[in-house]
Amino acid sequence: MTTLVAGQNAPWPHPACRVVVDGVALAVLPLRADGRVVDPAHIVYAAGEVHLGLADVPAECDRLLLVGLDPGPARLDLLDGAGSTVLHVDVQPDPAAARPRVVALVEVYRRAGTWKVRAVARTYAAGATDVEQHHGVPAGVLASAPSAPATSAPPQPPAEVDPARAVQLVGMVLQDAARSAASYESSVAFADGQLERDLDASVADPALRVSAAGEAARAQAQARRDDLVRRARESHLRDLAALRAEVAGIERVLPPSIARWDVASAAPVPPVPPPAVRAGEITLPHLLEVPGADFRLPMICGVPGRPLLVTTDEGGDGAATAVARTLALRSVLSLLPHGPRLVVVDLGGTRGDAGLPPGVAGPPVTGAAQLTRVLADLVHRADLVAVADRERMVDALDPELARPVVLLLLDVPTLWESEAVPLLDTLVAGPGYGVQLVLTGPGDVPRVGSDAERRLLARAWGSSLRLPSGVGGHLADTFAEVAWTFLPDTGPSDPHALPHLLGAHAPLDGWRDGIVPRG
């Protein structure tokens with residue numbers, strides 16, 4: 001049996017399952033992708049248990065949200081078709097929430113053609129009113145739910161959250177925040193549209209066009225709009241406050257490569273850290289207009305993975321170098337159990353040590369011919385590892401070849417030899433086998449070299465995850481297509497933080513001739 005904590009998900013185990021929450025009145029809300037109820041008439045009420053059959057769920061229903069009406073501490077059990085309990089969720093309502101309390105228990109949602117179930121276990125701060133406003137349910141509808149018999153079942157303690165699971169929870173919080181933001185933006189758009197229609201109507205009526213009654217009608221229309229926006233904002237901010245508390249709990253168990261720098265030294269270090277880094281933080285741009293509002297989520301990227309390109313357009317070369325350096329060092333922290341190498345490339349040597357703390361890494365690559373040799377070695381290394389992987393002989397590889405490599409390329413492709421560009425393209429296009437590329441350069445594809453070189457650079461730019469060197473960016477989530485503002489990470493303020501985190505691994509090895517056999 002599986003225990004789910006808030007944010008965790010699992011495959012839906014059976015086409016028809018039974019959900020049991022002893023002593024709790026339940027309601028099942030069929031929701032569209034925008035979080036609004038499909039039809040209030042389709043809300044299902046139950047006392048203590050409900051059968052969920054998914055075969056007849058209409059296509060416009062994106063998810064089913066199961067809420068508990070005024071529950072105390074309780075336990076939700078999901079039983080399969082044979083009546084066996086396959087998972088459970090512990091429910092601990094927020095005692096400070098308005099009564100009667102309403103708690104979102106679980107949601108059953110579509111994902112890639114299949115159904116999954118996610119534990120939500122989140123209390124709506126304003127009770128039924130909050131649910132009705134958030135999901136477009138007519139006022140008072142939830143009050144018709146039947147009562148449920150009392151239960152003496154004791155609550156179960158919540159499960160521990162490990163760092164790997166915490167990374168997944170960040171993505172789930174992102175989905176909840178995106179849905180709340182989409183609902184808020186939709187409400188504001190509706191209020192603005194209604195105001196425009198009301199104003200058009202007052203202008204179209206000769207009796208209201210220039211009169212005290214017309215001025216009063218327009219003032220009332222504006223007041224209605226402002227009230228709708230105010231209530232939508234309050235609901236949205238309540239959602240974010242609950243999610244902010246959830247993020248605070250998640251932050252406490254993130255490993256050093258993903259933790260905030262102010263707590264990284266005390267962050268848990270699992271034997272095998274999650275293969276991911278904190279690229280920065282994201283926030284909702286409309287919060288910048290709300291005094292005192294603050295909601296930030298760590299933006300997490302998998303490593304080794306697609307190249308990370310920090311663009312110089314927003315903050316300039318210095319800011320881009322700081323952001324890219326931080327990404328490279330976080331990549332090293334994520335790969336630390338595997339003995340990563342850090343190779344810094346600064347052709348011309350104009351950036352000195354590129355801002356790296358003393359004793360962390362060796363000297364950077366500053367010559368164009370040397371860079372071409374390093375790229376050629378990494379391409380040859382990838383070929384050797386690919387052959388070993390295909391023949392299932394990876395364990396027979398020279399351990400030096402198997403070590404991952406973090407390659408920090410500053411100001412690409414300034415001063416590069418023409419032979420280096422196709423080698424970069426090969427690394428970008430192929431699996432890489434443990435090579436993480438971090439680049440800085442302009443946002444647009446550099447217009448240098450031959451047409452063939454520009455095409456290859458265009459492919460590298462198109463394959464990279466672009467991150468701005470300053471606050472901004474054009475990021476959108478895939479859940480609700482909400483715009484997010486990127487807040488870059490320029491590294492710790494304490495110069496001793498990274499040497500402390502690296503410990504005996506510092507100074508990090510760079511690249512040297514002879515690692516890859518030639519000939």
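Student: Where is Ala354 found?
Tutor: This is a predicted model. Ala354 is not a glycine, yet its phi is positive, at about 60 degrees. Ala354 is found in the loop between β13 and α7.

Student: Is Ala354 buried or exposed?
Tutor: Buried means under 20% relative accessible area. The relative accessibility of Ala354 is 5%, so Ala354 counts as buried.

Student: Is Leu415 buried or exposed?
Tutor: Leu415 also has a positive phi without being a glycine, about 70 degrees. Its place is the loop between β14 and α9. The cut-off for exposed is over 50%. Leu415 has 56% relative accessibility, so it counts as exposed.

Student: What is omega for the cis bond from Ala506 to Pro507?
Tutor: Pro507 sits in the segment after α11 (497-502). The bond from Ala506 to Pro507 is cis, with omega near -5 degrees.

Student: What does α7 span from its first C-alpha to its last?
Tutor: Helix α7 covers residues 368-390. It has 23 residues, and 33 Å is expected at 1.5 Å a residue. The model comes close to that value, reaching 33 Å.

Student: What covers the buried residues of α7?
Tutor: The buried residues of α7 include Leu371, Val374, Asp377, Arg381 and Val385. Their cover includes β13 (341-345), α8 (399-402), β14 (405-409), α9 and β15 (435-441).

Student: At what angle do α7 and α9 pack?
Tutor: Two packed helices are described by the angle between their axes and the distance between the axes. For α7 and α9 (residues 420-429), the axes are 9 Å apart. The crossing is left-handed. The angle is about 30 degrees.

Student: How many nonpolar residues are in the contact of α7 with α9?
Tutor: From α7 come Thr372, Leu375, Ala376, Leu378 and Val379. They meet Ala420, Leu423, Leu424, Thr426 and Leu427 in α9. By class, the contact has no charged residues, two polar and, as asked, eight nonpolar.

Student: Which residue with a positive phi follows α7?
Tutor: The phi in question is near 55 degrees. The residue is Arg392.

How values were computed:
Residues numbered from 1 in each chain as written. Predicted model: local features only at pLDDT ≥ 70, side-chain atom pairs only at ≥ 80, totals over all residues. Heavy atoms only, no water. Axes fitted to C-alpha atoms, helices over the stretch in contact; angles between N-to-C directions. Helix = DSSP H or I, 4+ residues; strand = E, 2+ residues; numbered from the N terminus. Left-handed = near helix turned anticlockwise from the far one by under 90°. Contact = heavy atoms within 4.5 Å. Nonpolar A, V, L, I, M, F, W, Y, C, P; charged D, E, K, R; others polar. Expected span 1.5 Å × (residues − 1). Buried < 20%, exposed > 50% of the residue type's maximum accessible area, 1.4 Å probe, protein only.
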